[in-house]
Amino acid sequence: MTIAVLLVLAGLKSAIAAEPPRPNIVLIMCDDLGYADVGFNGATDIKTAALDRLARNGTVFTSGYVAHPFCGPSRMGMMSGRYPHAMGTPFNLPNAGVEVQGTEGQGIPVDETLISTVLQEAGYFTGVMGKWHLGDDPPFHPNHRGFDDFYGFLGGGHEYFPEHYMATYLRQKKAGKTLFNEYVVPPEHNGTQVNETEYMTDALSREGVRFVKQAAEMDKPFFLFLSYNAPHTPLQAKEEDLALYAHIKDEKRRTYAAMVHAVDRGVSEVVAALEQTDELKNTLIVFLSDNGGKEGAGSDNSPLKKGKGSVYEGGFRVPMFFHWPNVVPAGKQFDYPITSLDFYPTFAKLAGATIPENKRLDGKDIWDDFLAGRNARDGQPIFAMRHYAAFSNVGVRLDQWKACCIGKRWELYNMDEDIQEENDLSRSTPEVLQTMISAAEKWSHSHIQPLWFYTNQGAKQWAENDMPNWKAIFGNE
């Protein structure tokens, strides 16, 4: 073999050796967490030391958005990489304890390949701990949608103390009830009910730690979706956590703060497990909420306007950060807008995974632009839409601009100067507003009729009011 060939081979070997390993991905999502309810976003009355440390050593996204301003559709959008309206899923699935016509056998469409499946097929060990909310029946179960390991509950929420919810569940079961409020159904592990004994947030954190330690023993990267239901109602906190916030006079805020504190404790335990297993250095940690904090339930979305359910900023702009030692810039802010829809293609790229050829995505791979500090969505809008009984509200974020249709009236704000959405510029800058309205109207063409409604009354109103009424939104009446 010639010296030249040996040198070439040596160079190839060196290049291969220098190729960084595919990262583990830990996606941590809170439920109804307010924009200002973490220290890295300005909270002073709630202590989030673990989250703040990760944010301080990572990059905070100040304009991070989700796909919808409330729970189920937001999560479906993130996991599928598609706007829920394009899949027919703009409403929460109804509580399993209530009979709603037309919801039998419903969940996120089976022809939508989730990011969990893409990563699983790329060789990742995958797990979700906590809230699912993508469908109860077998075809939609996490173990059938790309997750090797599932511990948690299938519905949209849950009570926190097992001594309370188990008593209710067993009493109703003994009485012969067959439909149970999903908030009291015992959690499960891979399809088998378990006798949980810990406060729900602590239990989910414990299972996250277990998964990390189990995954670290395998010769493959892992994907953990730590899907907390806290601080979603009911507001229930441990006495020892409440004692830490005795200085907060408002009872709801005090309980809410204690619930967030429990999440932060759990995050610290998961990070400790990553450190102990020597996995932290090659793990991308992503943190966010599924939507804004619920007004009147202890949250604080300031300085944003409104909260959960709204297309103003407080509804779908959420606390968010990335952390990955020596890869994600430390101590930085990224002020350009991104959306949780971008996670799908971005995670797939980092994992070296193959996205199915026929898979439609509404997000984009932001990784290279993010590392370069560039606007990854320059000239590309982010949308939100909330349907009501007889009308729909719309939110559009485009670069520094934000347009809202509230009760059929359009408003325009400059986010660089007016994050509170107080100074309506629709009359002084009509050409910008019209561009955004046109983009939203084009986006609406991708929507399909909802596959289900949260209540029977909601289905009736949709039909009676000939929804969606696009003419009312886009000014063609």
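This is a predicted model: local features need pLDDT of at least 70, side-chain atom pairs count only at pLDDT 80 or more; totals for chains, interfaces and linings use all residues.
Welcome! Strands S15 and S16 (residues 409–414) pair in the antiparallel sense, with six bridges between them.

- S15 spans residues 401–406 and is mostly covered, with five of its six residues buried.
- On the S16 side, Ile406 stands opposite Arg409.
- S15 and S16 make a hairpin with two residues between the strands, and here Gly407 takes a positive phi near 60°.
- S15 also pairs with strand S14 (residues 392–398), running antiparallel to it through five bridges.
- In that pairing, Gly395 faces Cys404 of S15 as its opposite residue.
- S14 and S15 form a hairpin too, with two residues between them. Asp399, in the turn, has a positive phi of about 55°.

**A buried charge at Glu188**

- You can find Glu188 in strand S6, which covers residues 188–189.
- Does Glu188 sit buried or exposed? Glu188 is buried.
- Glu188 has no salt bridge, and the nearest side chain of opposite charge, that of Arg210, is 11 Å away.
- What does the side chain of Glu188 reach at 2.7 Å? At that distance lies the backbone nitrogen of Gly191.
- Leaving aside residues up to four places away in sequence, Glu188 touches His141, Phe150, Tyr151, Gly152, Leu154, Gln193 and Val194.

Key. Residues are numbered from 1 along each chain as its sequence is written. Side-chain values use heavy atoms; hydrogens and water are left out. Helices (H or I, at least four residues) and strands (E, at least two) are DSSP runs, numbered from the N terminus. Buried means under 20% relative accessible area, exposed over 50%, partly exposed in between (1.4 Å probe, protein chains only). Lys and Arg count as positive and Asp and Glu as negative; His and the chain ends are not counted. A salt bridge is a side-chain nitrogen of Lys or Arg within 4 Å of a carboxyl oxygen of Asp or Glu. A polar contact is a pair of N or O atoms within 3.5 Å; within protein, one must be able to donate a hydrogen and the other to accept it, and residues adjacent in sequence count only if both atoms are side-chain atoms. Contact means heavy atoms within 4.5 Å. Two strands pair if DSSP finds at least two bridges between them.
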